[in-house]
Amino acid sequence: MTLLLFAACSKEEGDANVKDDERVPLRIVSGIEVERLGITRAYDTQWEDADQIGLYCTTNGTSTTYIDHASTPTTCANLAYTFADGTDYETYPGSVTTYRAFTGTTVYLPADGSNIDVYAYYPHSTASSQITTNSITDIEIDVSDQTSQKAIDFMRAEVQDRNTANNVAALLFTHQLVKLQFNVKRGADMLEDEISQAFTNSRLSLTVGRQPTVATYNLYTGDISSITPLGTPTPTSSPITTHIMTTAETGYDKSFEAIVLPNEATYNPAADRTVTITIGTANHPTAYTYTFTIGSGTTFLSGNKYIYNVTVNATSIQVDPTKYTEQW
């Protein structure tokens, strides 16, 4: 009598028996959504040298982190991928978007041809709270410091069903937060020299009050949560000091911008936001302060930019009644 023995092995064991030089690596290329729309504005739309994205790969249809089971297994959790200037644009069939290649740790696709999913965010963070090994983690967003807009310009991208026959992850990033822009000019009755001079030097600031600054972002679902609502009447966060743009909008003395959290659905209900313009002078002991309100009826939607045109007069402030909105 002949005894037949059957040996079984798991997918992971099968993957481990495939040599690395026989494997198919995952290739990461990336673009930004507004490039597709034909908008060209500095860092909002274009990758810059040394930009880094954070990458997670998961087993298809789940949030469980993928491990490639190569000779030296890679756990695809919060891997840093970097863009370098000089990388050529690439296009792919059926897409009008151009992409740039990013380089980082090699991740090999499952040797059995099964699918994985890819999730990415920008800018990459090395904070310990962002590093997990078994699943996608929540990411903290903090926009309290507006010194560098690029550093808080949070974006997300995802691509499903990558496998050995389709190994390019063309990640199209979209802005997840909101941009505010305030264009400010002095009125015809601003005749006092020192006040006028404040528009041409650094003695001018603009803050946005009653606007939360910290939230939790779920990279897997794309949802923002854990925003602490503002108290009434006392806000729970300090006013946001906006960033002065290098070049003012045509026809204005100064332009300011801020990246803020959206308020959508059931979280972060809109509040009356207080916008304060402060003009300090060299010799006057007290700064001149002008204030207006963005009412709670204004909803800040992610991926949008809201533009406010403001004229400061000697004793009053005038805000263009039209709020300009565009894709960011």
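Phe 182 is buried, at a relative accessible area of 0%, where buried means under 20%, exposed over 50% and partly exposed in between (1.4 Å probe, protein chains only). Tyr 308 counts as buried too, at 6% relative accessibility. The model here is a predicted one, so to speak of local features takes a pLDDT of at least 70, and side-chain atom pairs count only at pLDDT 80 or more, while totals for chains, interfaces and linings use all residues. Residues are numbered from 1 along each chain as its sequence is written, and side-chain values use heavy atoms, with hydrogens and water left out.

Now for the rings. The structure holds 10 aromatic pairs; rings of Phe, Tyr and Trp (its six-membered ring) pair if their centres lie within 6.5 Å, and planes under 30 degrees apart count as stacked, over 60 as edge-to-face and the rest as tilted. Phe 182 and Tyr 308 are stacked because their ring centres lie 5.5 Å apart with the planes at 20°. This pair links distant parts of the chain, 126 residues apart: Phe 182 belongs to strand β9 (residues 178–186) and Tyr 308 to strand β18 (residues 304–312). Strands (E, at least two residues) and helices (H or I, at least four) are DSSP runs, numbered from the N terminus.

Phe 300 and Tyr 306 make a tilted pair, 5.3 Å centre to centre with 40° between the planes. Phe 300 is buried at 0%, and Tyr 306 is buried at 3%. Phe 300 also has the charged end of Arg 273 over its ring, 4.0 Å from the centre; a charge sits over a ring if NZ of Lys or CZ of Arg is within 6 Å of the ring centre and within 35 degrees of the ring normal. Likewise, Lys 185 lies over the face of Tyr 252, at 5.2 Å from the ring centre. Elsewhere, Trp 47, Phe 83, Phe 102, Tyr 122 and Phe 173 form one aromatic cluster.

On to the strands. Strand β16 (residues 273–279) runs antiparallel to β17, joined by 7 bridges; two strands pair if DSSP finds at least two bridges between them. Ile 279 has Tyr 288 of β17 as its bridge partner.
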